[in-house]
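Hi,

Here is the structure I promised to pass on. Have a look at it first, and then read on for what I found in it.

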Amino acid sequence: RVCINCPHRPRPSVKRAPLSPPSLMLRQFAALALLLGIGLTAGQEEEALEMGALRSAFVNEDSFHYYRVTIPQSTNAIKVKLIPSYGDPDAYLSFTTAEPDDLTATWVMDDVGAEEQVIKRDAVEFCQYEPCILHISVYGYDESEYMIGVYEASARLEIEQECAPGCKQDQIADGICQQECKVSACYDDGGDCEEQNCAPGCDEGWVGDEYCDEACFVEACKWDGGDCTTESGCNTGCLPEYINDGECDSECNVEACSWDGEDCFHGATECYGEPDGSDYRGLKNHTKSGKECQAWDSQFPQQHTRTHLNYPEAGLGGHNFCRNPDGEATAWCYTTDMETRYEACDVGQPWEKCKQNEIPLATQLAGAVKCLTPTTPPSGPLARFELSCGNGESHADVCSRACCNAAKAAGAFCANDETNYGRYQDYKMKIAFSMYKHDCEACAAFGDFFSNVHLLNGAGVGSKMMYRFADSVGFKVLVAAFVIMMMLLCVIAGSIARYVYQRRQYAVPDAAVP
């Protein structure tokens with residue numbers, strides 16, 4: 001949810017264990033030794049969640065619940081179910097990282113309503129160690145009551161389309177009461193029959209509350225009561241700022257929304273130049289054998305991590321065109337065939353379909369990017385950075401892959417922009433401090449800042465002014481100069497010690513003088 005002129009909703013700060021103050025000289029040496037130091041934090045412990053059991057819980061807004069599930073060695077696939085009774089909980093899943101968040105999770109469940117995530121044993125990171133532990137974090141985007149469970153999936157991985165006759169899985173907790181779903185096998189329709197909402201996932205109190213709610217941005221909810229824009233929307237779920245924002249959104253990829261502006265490549269040609277097709281932005285959406293491609297923002301029937309959030313420069317999103325985000329031999333796609341996970345596409349040879357003097361679209365887009373374009377509303381990497389990370393108060397905004405990706409893009413295009421560099425640097429520092437406060441330091445775009453902050457803390461000279469200095473080139477020069485100075489002092493001290501030793505060794509005793 002996007003906050004529009006809303007009050008600050010603070011997240012409890014993480015307590016950091018203080019470091020004992022050493023002497024000044026030891027602090028200096030400790031600073032050099034602690035370049036990659038880690039701040040000690042105190043947090044919640046993960047609760048054990050039993051396989052096959054459905055747990056009910058309540059999570060406050062902008063807070064987490066952490067779970068761990070032991071997966072038996074005989075399990076070939078699991079199914080994670082997240083069913084909200086009210087509110088908007090999200091779930092982050094990982095086999096390798098405890099207490100995962102949006103930056104560290106392998107799988108993310110962040111849709112509105114009931115969700116399922118099926119993970120096969122051959123999926124990336126599945127059970128790399130024994131005992132196999134699945135770590136789950138449930139985040140309350142709003143204060144939420146929910147049910148969560150992890151189940152063993154069938155051997156053939158047949159994902160049930162119906163939990164009861166006439167009730168499909170995606171109808172549970174969709175905000176509409178279906179009598180066919182009002183049975184225990186369908187979790188009593190996820191509470192939909194208790195009260196009626198104007199749209200699936202849109203609580204009655206969300207309309208006109210000065211928050212822009214995507215779930216409420218539909219005609220039946222009067223376009224969220226004007227919380228998002230004073231104008232009517234072009235399609236359900238397509239917020240005005242989604243169009244031409246650099247990501248192809250399936251909600252906006254319709255004719256009424258002008259095919260999401262230029263984000264979904266509808267005006268692209270088949271021209272590309274890289275040997276592996278990594279810059280292919282054409283419209284081919286079938287494999288070499290003729291199988292239909294699955295949309296990149298879909299997780300059915302193939303579950304995957306090749307998404308726009310993980311590969312923001314690869315041309316992925318709410319479409320099913322062939323792409324090569326991860327260095328394969330050629331462009332490819334996941335298929336809609338349950339028996340075929342993915343296949344290569346026939347996109348021709350590099351430059352084969354380019355007109356005279358034509359430049360591939362991916363190259364054109366990269367070359368045309370400016371740090372900030374004064375459109376209404378403003379566009380460009382800096383505007384996207386500010387929109388993705390918000391006001392720096394919400395954990396959901398700051399500690400997200402969208403924020404991290406936007407920060408990386410803004411750094412690439414704004415670092416040498418004299419006009420907008422000051423605005424970029426000020427906002428970057430604001431988000432860096434917020435990430436540090438929220439204890440989410442996995443974003444590589446801020447890696448130097450975090451390592452230098454730990455260095456200053458280790459030296460006992462941490463302060464907000466010093467933290468700001470830590471992100472500058474001058475800090476790195478100063479550290480390098482200090483290291484060189486200490487090395488020179490060691491060399492000089494060694495030379496003096498050797499000279500004194502030799503003088504003592506070869507000195508003539510007074511008794512030997514005639």
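To start you off: does Y424 count as buried or exposed? Y424 counts as buried, with a relative accessibility of 5%. Please keep in mind throughout that this is a predicted model.

The mean pLDDT of the protein is 79, and 80% of its residues reach 70 or more. Confidence is highest in strand 14 (residues 332–334), at a mean of 97, and lowest in strand 1 (residues 2–3), at 39. Two stretches call for some care. Over residues 1–42 the pLDDT stays under 50, although the model has 68 contacts beyond four places in sequence for them. Residues 156–160 also have a pLDDT below 50, and this stretch has eleven contacts in the model beyond near neighbours in sequence. Where pLDDT is low, the predicted coordinates should not be read in detail.

**The largest core**

Next, the nonpolar cores. The largest one has 29 residues, and the members that touch the most others are L382, F385, I431, M435, F446 and F449. Helix 4 (381–389), helix 6 (401–414), helix 7 and helix 8 (447–459) each supply at least two residues of this core. Which helix gives the largest share? That is helix 7, with eight residues. In soluble globular proteins, nonpolar side chains tend to be buried together.

Leaving aside residues up to four places away in sequence, M435 touches V398, C403, C440, C443, F446 and F450. There is also a second, separate core of 24 residues, with I71, A91, I119 and L134 among them.

Helix 4 is worth a look of its own. Its buried residues include P381, L382, A383, F385, S388 and C389. What covers the buried residues of helix 4? The cover includes helix 5 (395–398), helix 6 and helix 7. After helix 4 comes G390, which has a positive phi, near 65°.

Five of them form an open sheet with mixed pairing, in the order 2-4-9-6-7. Strand 2 and strand 7 (107–109) stand at the edges with a single partner strand each, so one side of each has no neighbour in the sheet.

Strand 4 (residues 64–71) has six of its eight residues buried, so the rest of the structure largely encloses it. Strand 4 pairs with strand 2 (residues 47–48) in the parallel sense, over two bridges. On that side, E47 has Y67 in strand 4 as its bridge partner, and A48 stands opposite R68. Strand 4 also pairs with strand 9 (residues 132–140), here in the antiparallel sense and over eight bridges. For one point to click on there, H65 stands opposite V138 in strand 9. In a regular strand the side chains alternate between the two faces of the sheet.

**Aromatic rings and charges**

How many aromatic pairs are there? The count comes to 17. One of them joins Y421 and Y424: the ring centres are 6.2 Å apart and the planes are at 55°, which makes the pair tilted. Y421 and Y424 are three residues apart in helix 7 (residues 421–437), so about one helical turn separates them. An α-helix has 3.6 residues a turn, so residues three or four places apart point the same way.

Elsewhere, F64, Y66, Y92 and Y139 form one aromatic cluster.

K81 places its charged end over the ring of Y151, 5.4 Å from the centre. R323 lies over the face of F265, at 4.8 Å from the ring centre.

Happy browsing, and write back with any questions.

Methods. Residues numbered from 1 in each chain as written. Heavy atoms only, no water. Phe/Tyr/Trp six-rings, centres within 6.5 Å; stacked < 30°, edge-to-face > 60°. Helix = DSSP H or I, 4+ residues; strand = E, 2+ residues; numbered from the N terminus. Buried < 20%, exposed > 50% of the residue type's maximum accessible area, 1.4 Å probe, protein only. Lys NZ or Arg CZ within 6 Å of the ring centre and 35° of its normal. Core = buried A, V, L, I, M, F, W, Y, C linked by side-chain atoms within 4.5 Å. Contact = heavy atoms within 4.5 Å. Pairing = 2+ DSSP bridges. pLDDT = per-residue confidence, 0-100.
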